[in-house]
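Good morning, and thank you for the time. Please keep the display in view as I speak.

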Amino acid sequence: MTAFRQSSFGRAVIRRLPGRVKRGLRAARRWQRRAVARLGTHWRRSLQFRVVSTTLVLCVLVIAVLGFFLVQTIAAALLTSAEKSATAQAAAGRSTVLGLSSVLVLQQPEADSPTANAPYVAQVAARTALEQGGSAGNYLVAVYLTDPEADPQADSVPWVAENSFSPSATISSGPTGLLAGVTQEQQDEKYDNQYVPVPQYEATTLVGNDGQSLGPALAVGVPLGPYYQLYYVYPFTSEQAFLLLVQRVLVGAGLALAVLLAAIASLVTRWVVLPVRHAAQAAQRLSAGHLEERMRVLGVDDLAALATSFNEMASSLQGKLRELEELSKVQRQFVSDVSHELRTPLATIKMAADLLFESREKLDPGPARSAELLQSQLERFETLLVDLLEISRYDAGAATLDADLVDVCDLVRNSAGDAQQLAERRGGRIEFRLPATGCFAEVDRRRVERILRNILVNAVEHGEGKDVVVTTAMDNDAVAVSVRDYGVGLRPGDEQQVFERFWRADASRARTTGGTGLGLAISLEDAHLHGGWLQAWGERGKGSVFRLTLPKLAGQELAGSPLPLDPDDAELTSGSSGTGPYPTAKITGTISHG
Amino acid sequence: MKGRVLVVDDDAALAEMLGIVLRGEGFEPTFVADGDKAVEVFRDSRPDLVLLDLMLPGSDGIDVCRQIRAESGVPIVMLTAKSDTVDVVLGLESGADDYIMKPFKSKELVARVRARLRRTDEPAPEMLQIGDIAIDVAGHSVKRGAETLNLTPLEFDLLVALARKPRQVFTREVLLEQVWGYRHAADTRLVNVHVQRLRAKIEKDPEHPEIVVTVRGVGYKAGTA
């Protein structure tokens with residue numbers, strides 16, 4: 001509540017300030033916020049900064065506490081010694097003055113006029129006391145006349161002072177506590193002649209003639225016979241100067257010590273942090289693929305152990321990677337060999353089968369049908385072989401991208417041939433919604449055509465004779481092709497599984513087009529090789545969508561797709577009639593619905 | 001039509017089958033199984049076309065291809081079991097005009113062989129000019145000034161196709177159809193490799209081509225310079 005009031009008050013103040021000041025304040029606050037944020041970041045990021053600043057803060061705290069106690073102790077000791085010497089001097093001064101014959105009057109002032117000679121007597125007494133004290137620094141001696149019968153109208157001052165100050169100081173009143181104490185002693189002495197009065201003292205402030213404070217001082221008072229009192233006032237000038245010196249030395253030494261400790265902490269942390277930083281850098285380089293990266297091992301300490309372990313890890317990683325590379329090379333070689341070894345006899349078989357197939361009319365029905373089966377199954381075998389080799393090339397990491405700037409819309413038209421023939425046989429059509437301007441992107445023509453052929457044939461195959469809609473769109477970074485069918489659709493969870501090898505939506509369903517079961521798996525790899533996406537959406541009875549999204553520049557990261565994956569709700573609720581309202585907002589040049 | 005085909009293949013069964021198919025289509029096949037003897041047999045038999053298996057014992061198919069190309073412009077069709085880009089491009093760069101992936105259909109093989117032999121039919125007298133290059137279509141010669149440039153028949157066909165319609169941009173697919181005789185889209189790397197080989201022979205600076213110019217994203221056209 002208080003804080004709220006304060007801040008609203010602060011805001012009210014700021015509101016009334018002129019604009020330039022307000023802007024300045026705002027800028028200052030922004031700068032402060034940024035500085036704090038920077039410091040915070042530095043604090044979180046740098047171990048060294050953390051250690052050094054903690055050391056510095058703790059060190060300053062400890063030195064401050066120690067210094068405070070040290071100064072207190074020294075001040076107390078100084079005060080005690082000052083009190084001791086002051087009371088001793090006061091006692092000595094008293095006996096000296098009392099021993100003076102000329103001031104016997106102190107003991108016995110004339111009865112008729114006790115104050116007549118008082119100023120003179122007091123002055124003599126004060127001067128004597130001052131001279132007795134020698135030249136031990138500046139101090140003030142005052143004699144106070146306590147005469148109960150003194151004429152209150154007399155303009156004589158009860159104080160007579162002598163001092164060694166320059167400019168001289170005087171005294172017009174004493175500290176009341178001290179006066180009372182000394183008067184008490186004086187009374188005690190009056191009643192008991194044998195009583196030796198004890199000097200009284202009190203800390204006070206000395207005020208100069210010009211009214212300026214001369215700083216703290218110690219006032220000591222002692223009775224001087226029955227009518228006078230002797231006072232000494234010692235300013236603490238030298239003690240203060242000494243204390244100040246001690247404080248300065250302490251602060252200077254403390255700061256120096258703190259800086260030194262911070263420097264030592266910084267140095268020591270550096271010893272620890274630097275190797276750790278080196279390790280971090282080395283690990284980074286290692287993870288970036290510089291497998292030959294090693295750390296320098298110095299000595300046999302913990303950090304050397306870190307470096308040794310790091311190096312061992314790096315070597316072991318390098319070894320494993322080499323092994324894997326070797327394996328991959330062997331695998332690639334194997335695939336290549338299998339490919340050649342299988343293809344050569346297959347070529348012979350195929351030509352032979354062709355020959356038999358051509359002349360099947362001359363054969364009996366049995367051999368003739370055999371020739372036909374041989375022909376068709378050879379084709380299937382070959383497709384399977386091609387797909388298997390392709391997928392093992394991906395598994396071996398041997399697939400390379402042969403990217404070129406091409407119009408993806410052209411690729412869509414080129415690769416639709418097989419699917420169109422199939423669609424015609426099924427009684428459906430493929431509807432193209434392609435932008436008239438073309439969709440140029442850096443892609444591997446062969447692979448993208450393979451993906452498109454696959455998803456188009458799939459769409460027709462599972463489309464139950466209904467139309468298939470192919471939409472292409474692009475934005476600044478990506479080109480997308482989505483293929484929508486209104487057929488059997490997918491079961492929940494199948495969106496991922498369709499891309500698995502040899503996966504079938506329905507194990508009992510007969511294959512009509514003789515797909516290998518590897519088509520979508522290869523297509524997914526093809527899309528990933530481009531840094532692109534191949535995704536599926538489907539719902540039982542409402543058809544499915546396969547969407548391919550490719551970056552416009554090969555290898556660029558995709559942030560989004562220019563086409564939605566799910567058809568919008570309106571289309572789904574209005575039923576899947578075949579050519580429902582498909583999102584075409586971004587697309588120009590729609591090819592006829594007819 | 002002349003039809004002497006040299007089949008260079010180490011696989012006896014495939015060679016025999018190739019022989020059956022080629023004879024069936026009216027060609028005269030000759031066979032050699034060993035890469036080292038291939039060039040020798042080539043010199044003796046003087047075939048109109050060479051069918052060359054890339055994987056041969058002894059000297060490599062690529063070497064054989066290079067040696068034959070060094071002494072003759074005879075059409076060479078490679079048989080390859082590898083579809084990897086590197087192998088195909090290497091084969092094309094070493095001088096092959098076309099390639100067929102194993103396994104292939106008999107009809108496809110015969111179509112390719114025919115396409116490569118067809119160009120030997122007599123063309124009508126015709127003179128073409130691109131930049132400072134003069135082409136005598138009937139005389140099968142290409143000249144820059146007085147200097148005769150030595151092109152293989154395929155490179156010559158490619159240059160003539162481009163020169164007949166200057167300023168028109170040819171896509172790789174169109175060139176494949178016109179020069180190689182492919183009906184539908186095939187491997188466009190064929191065009192890329194052969195354009196590079198052609199440029200190496202006819203351009204003053206193949207790095208900055210002026211006669212066969214690339215149109216980015218589309219294809220190629222004959223330059224005007």
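What follows is a short tour of this structure, which is a predicted model.

I begin with the two chains. Chain A has 594 residues, of which 28% are buried, and its secondary structure comes to 14 helices and 12 strands. Chain B has 225 residues, with 40% of them buried, and its secondary structure comprises eight helices and 12 strands. In chain A, 68% of the contacts with a separation of 6 or more are between residues 24 or more positions apart. For chain B, the share of contacts joining residues at least 24 apart, among those at least 6 apart, is 54%.

Where do the chains touch? Between them, 22 residues of chain A are in contact with 19 residues of chain B. On the side of chain A, the elements that give two or more residues are helix 7, residues 302-358, and strand 6, residues 404-407. Helix 7 of chain A provides the largest share of that side, with 14 residues. A:Val330 is found in this helix, helix 7 of chain A. Is A:Val330 buried or exposed? It counts as exposed, because it has 11 C-beta neighbours inside 10 Å, and the cut-off for exposed is 12 or fewer.

I turn now to the interior. In soluble globular proteins, nonpolar side chains tend to be buried together. The largest nonpolar core here has 63 residues, and the members that touch the most others are B:Val8, B:Val50, B:Leu51, B:Leu52 and B:Leu159. Helix 6 of chain B, residues 153-164, gives the largest share of this core, seven residues. At least three residues come from each of domain 1 (4-118) and domain 2 (127-222) of chain B. Taking B:Leu51 as an example, and leaving aside neighbours within four places in sequence, its contacts include B:Val5, B:Val8, B:Leu18 and B:Leu79. Apart from this core lies another, of 46 residues, including A:Val448, A:Met474, A:Ala527 and A:Ala536.

Next, helix 2 of chain B. Which residues of this helix are buried? They are B:Gly35, B:Ala38 and B:Phe42, within a helix that spans residues 35-45. These three lie on the same side of helix 2 of chain B, because they cover an arc of only 30° around the axis. An α-helix has 3.6 residues a turn, so residues three or four places apart point the same way. The buried residues of helix 2 pack against strand 1 (4-8), strand 2 (28-32), strand 3 (49-53) and helix 3 (61-71) of chain B. On the other side of the helix, B:Glu40, B:Arg43 and B:Asp44 are exposed. Just after helix 2 of chain B, B:Arg46 takes a positive phi of about 45°.

Helix 8 (residues 365-395) and helix 13 (residues 519-529) of chain A pack at an angle of about 35°, and their axes are 10 Å apart. The crossing of these two helices of chain A is left-handed. From helix 8 of chain A, A:Asp387, A:Glu390, A:Ile391 and A:Tyr394 meet A:Gly519, A:Ala521, A:Ile522 and A:Glu525 of helix 13.

I close with some loop residues. B:Ser94 sits in the loop between helix 4 (85-93) and strand 5 (98-101) of chain B. B:Ser94 counts as buried because it has 21 C-beta neighbours inside 10 Å. Not counting residues up to four places away in sequence, B:Ser94 touches B:Ile62, B:Cys65 and B:Arg66. B:Pro103 is in the loop between strand 5 and helix 5 (106-118) of chain B, and a cis peptide bond, with omega about -10°, joins B:Lys102 to B:Pro103.

In chain A, A:Glu464 has a positive phi of about 55° although it is not a glycine, and it lies in the loop between helix 11 (445-461) and strand 9 (468-474). A:Phe502, in the loop between helix 12 (494-497) and helix 13 of chain A, has a positive phi near 60°. A:Phe502 counts as exposed, with 8 C-beta neighbours inside 10 Å.

Notes. Residues numbered from 1 in each chain as written. Chains lettered and ligands numbered in written order. Predicted model: local features only at pLDDT ≥ 70, side-chain atom pairs only at ≥ 80, totals over all residues. Core = buried A, V, L, I, M, F, W, Y, C linked by C-beta atoms within 7 Å. Buried ≥ 20, exposed ≤ 12 C-beta atoms within 10 Å, placed from the backbone. Helix = DSSP H or I, 4+ residues; strand = E, 2+ residues; numbered from the N terminus. Domains from an automatic or database assignment. Contact = placed C-beta atoms within 7 Å. Arc of directions from axis to C-beta. Axes fitted to C-alpha atoms, helices over the stretch in contact; angles between N-to-C directions. Left-handed = near helix turned anticlockwise from the far one by under 90°.
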